[in-house]
Amino acid sequence: MFQVGELIVYGGEGVCRVEAVGPIAMSGVKNDRPYYTLAPLYRMGKIYAPVDTTVLMRPVLSRKEAEDLLRNIPEAESPGFAERNPRALGAFYQEIIRSHDCSDMIVLIKTARRKAQARRARGVKPGQVDERYMKRAEDLLCGELAVALEMSRDEVSGYIEKAVGS
């Protein structure tokens, strides 16, 4: 169970601070089980999540884990998923986003960037699915790494762009 004040990754939201743990007083919600009250770090609002939710919740990467991840960006390899069907490609990328596995998100970013560069070289616009999921992965990854490394998201984003070779 997470503690008040702890920073966690919550589903597709990204990094959140645990503000409270316990029953919530809200009409229409049974007061018989504990909830986390979460405050997203990068947007306004509150999230009320049951403690026993099936939505992914995990601690934010440690500084060492984040540094190791960044150090290994150049070696991260693409799985070679070359699906042309936008629906299948979106489903593939969505699974990576849902897992919130930082290594997989780096691979997604690298893959989408390479595909975009190849398309531009042929005089074709980058694919919308690749662009959308690349931006989502960058947003989630940069948010978590910024917290772990105690730096701004822009600094992390710049480092990733340089390491990926955009």
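**Figure 1. Arg 98 and Glu 95, a pair within helix α2.** Because Arg 98 and Glu 95 stand three residues apart in helix α2, about one helical turn separates them. In this predicted model, the two residues form a salt bridge in which the closest N and O atoms are 2.6 Å apart. Glu 95 has a relative accessibility of 48%, and it therefore counts as partly exposed. As a general point, side chains of opposite charge can pair when their charged atoms come close.

**Figure 2. The whole chain, as a setting for the close-up views.** The chain holds five helices and five strands, and when it is followed from the N terminus its elements run in the order β-β-β-β-β-α-α-α-α-α. The C-alpha trace spans about 60 × 35 × 25 Å along its principal axes. The chain has 166 residues, of which 40% count as buried. Among the contacts between residues at least 6 apart in sequence, 56% join residues that are at least 24 apart.

**Figure 3. The open sheet of five strands.** The strands of this sheet are arranged in the order β4-β3-β2-β1-β5, and their pairing is antiparallel. At the edges are β4 (47-50) and β5 (57-59), each of which pairs on one side only. From one strand to the next, the twist averages 45 degrees. Within the sheet, β1 (residues 7-10) and β2 (residues 14-22) pair in the antiparallel sense over four bridges, and Val 9 stands opposite Val 15 in β2. Helix α4 lies across β1, β2 and β5, and it runs at about 65 degrees to β2.

**Figure 4. Helix α2 beside helix α4.** Two packed helices are described by the angle between their axes and the distance between the axes. The axes of α2 and α4 come within 10 Å and cross at roughly 5 degrees, and because angles under 35 degrees count as roughly parallel, α2 is described as roughly parallel to α4. On the α2 side, the residues that take part are Pro 86, Leu 89, Gly 90, Tyr 93, Gln 94 and Ile 97, and they meet Val 129, Asp 130, Tyr 133, Arg 136, Ala 137 and Leu 140 in α4. The residues of this contact of α2 with α4 divide into eight nonpolar, two polar and two charged.

**Figure 5. His 100, a buried residue in a loop.** His 100 is found in the loop between α2 (86-99) and α3. Its relative accessibility is 1%, and since buried means under 20%, His 100 counts as buried. Leaving aside the neighbours within four places in sequence, His 100 is in contact with Val 9, Gly 11, Gly 14, Leu 56, Arg 58, Met 105, Leu 140 and Glu 144.

**Figure 6. Gly 123, an exposed residue in a loop.** Gly 123 has its place in the loop between α3 (102-121) and α4 (128-149). With a relative accessibility of 69%, it counts as exposed, because exposed means over 50%. Gly 123 and Leu 140 are 17 residues apart in sequence, and their C-alpha atoms are 30 Å apart in space.

**Figure 7. Salt bridges that join separate parts of the chain.** The count of salt bridges comes to 13. In one of them, Glu 19 is paired with Lys 46, with the closest N and O atoms 2.6 Å apart. This pair links distant parts of the chain, since Glu 19 is in strand β2 and Lys 46 is in the loop between β3 (35-40) and β4, 27 residues apart. Glu 19 is partly exposed, with a relative accessible area of 36%, and Lys 46 is also partly exposed, with 43%. Asp 52 forms a salt bridge with Arg 33, and here the closest N and O atoms are 3.8 Å apart. Asp 52 lies in the loop between β4 and β5 and Arg 33 in the loop between β2 and β3, so this pair ties together parts that are 19 residues apart in sequence. Asp 52 is exposed, with a relative accessible area of 54%, whereas Arg 33, at 35% relative accessibility, counts as partly exposed.

**Figure 8. A network of charged side chains.** Here the salt bridges form a network, which links Lys 64, Asp 68 and Arg 71.

Definitions and conventions:
Residues numbered from 1 in each chain as written. Predicted model: local features only at pLDDT ≥ 70, side-chain atom pairs only at ≥ 80, totals over all residues. Heavy atoms only, no water. Helix = DSSP H or I, 4+ residues; strand = E, 2+ residues; numbered from the N terminus. Buried < 20%, exposed > 50% of the residue type's maximum accessible area, 1.4 Å probe, protein only. Contact = heavy atoms within 4.5 Å. Pairing = 2+ DSSP bridges. Axes fitted to C-alpha atoms, helices over the stretch in contact; angles between N-to-C directions. Salt bridge = Lys/Arg side-chain N within 4 Å of Asp/Glu carboxyl O. Parallel < 35°, antiparallel > 145°, perpendicular 65-115°, else oblique. Nonpolar A, V, L, I, M, F, W, Y, C, P; charged D, E, K, R; others polar.
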